[in-house]
Amino acid sequence: MIEGLVAIAQEELMHFNMVHEKIKARGLVLGPERKDEYVNLLYNFRRKGGSKTTRLIDHLLFAAIIEARSCERFSVLSENITDPELKEFYKELMISEANHYTTFIGYARQYANGEDVEKRWQEFLDYEGEIINQFGVKETIHG
Ligand SMILES: [Fe+2]
């Protein structure tokens, strides 16, 4: 799992740099990090107690749901944006996020050690379905 996670971390950093280059190329400056209440709520949904396996599964599923939503939104962006360069860029990010999402779910299943990952995944999805109603329609990848 370590090698897979390192590969994802490297890819994420590469994508961050690509996004930053695009921001600079447009004469813009990257703003400060914004508080992301959606992510914080999902993060806090993780079980804090229990076994190492329980905590690992929840952390992997938290990461998976974030990646899955990123994938979904990059898909929408790539299908609707008119700029051909960004269209292709967002499509690449969508594919990458799909791989990250399935990788995290895959690790949760692989390291489940008898725990019911599918049940917990459904709990994450149900919880997300509840909290998402708190957020409006903003130009964010998450929330
Ligand atoms: Fe990702």
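**Briefing: an iron site and aromatic contacts**

At 11% relative accessibility, F74 counts as buried (buried means under 20% relative accessible area, exposed over 50%, and partly exposed in between, with a 1.4 Å probe and protein chains only). The model is predicted, so local features need pLDDT of at least 70 and side-chain atom pairs count only at pLDDT 80 or more, while totals for chains, interfaces and linings use all residues. Residues are numbered from 1 along each chain as its sequence is written, and side-chain values use heavy atoms, with hydrogens and water left out.

**F74 and its partner**

- F74 and Y90 form a stacked aromatic pair, 5.8 Å centre to centre with 20 degrees between the planes.
- Rings of Phe, Tyr and Trp (its six-membered ring) pair if their centres lie within 6.5 Å; planes under 30 degrees apart count as stacked, over 60 as edge-to-face and the rest as tilted.
- Because F74 lies in helix α3 and Y90 in helix α4, the pair ties together parts that are 16 residues apart in sequence.
- Helices (H or I, at least four residues) and strands (E, at least two) are DSSP runs, numbered from the N terminus.
- Y90 is also buried, at 18% relative accessibility.

**Other aromatic pairs**

- The count of aromatic pairs is 8.
- One of them is F45 with Y127, which is stacked at 4.2 Å centre to centre, with 5 degrees between the planes.
- This pair links distant parts of the chain: F45 is in the loop between α2 (37-44) and α3, and Y127 is in helix α5 (residues 117-131), 82 residues apart.
- F45 is partly exposed at 21% relative accessible area, whereas Y127 is buried at 18%.
- F45 and Y127 form one aromatic cluster together with F124.

**Charges over rings**

- The charged end of K22 sits over the ring of F89, 4.7 Å from the ring centre.
- R46 lies over the face of Y43, with 3.6 Å to the ring centre.
- A charge sits over a ring if NZ of Lys or CZ of Arg is within 6 Å of the ring centre and within 35 degrees of the ring normal.

**The iron site**

- The protein donors of the iron ion are E12 (OE), E67 (OE), E67 (OE), E97 (OE) and H100 (ND1), at 1.9 to 2.7 Å from the ion.
- Donors are N, O and S atoms within 2.8 Å of the metal (3.2 Å for Na, K and Ca); water is not among the atoms, so sites may look incomplete.
- Along the chain, the donors follow the spacing E-x54-E-x29-E-x2-H.
- E67 in helix α3 (residues 52-80) and H100 in helix α4 (residues 84-110) link distant parts of the chain, 33 residues apart.
- E67 is buried at 9% relative accessible area, and H100 is buried at 2%.
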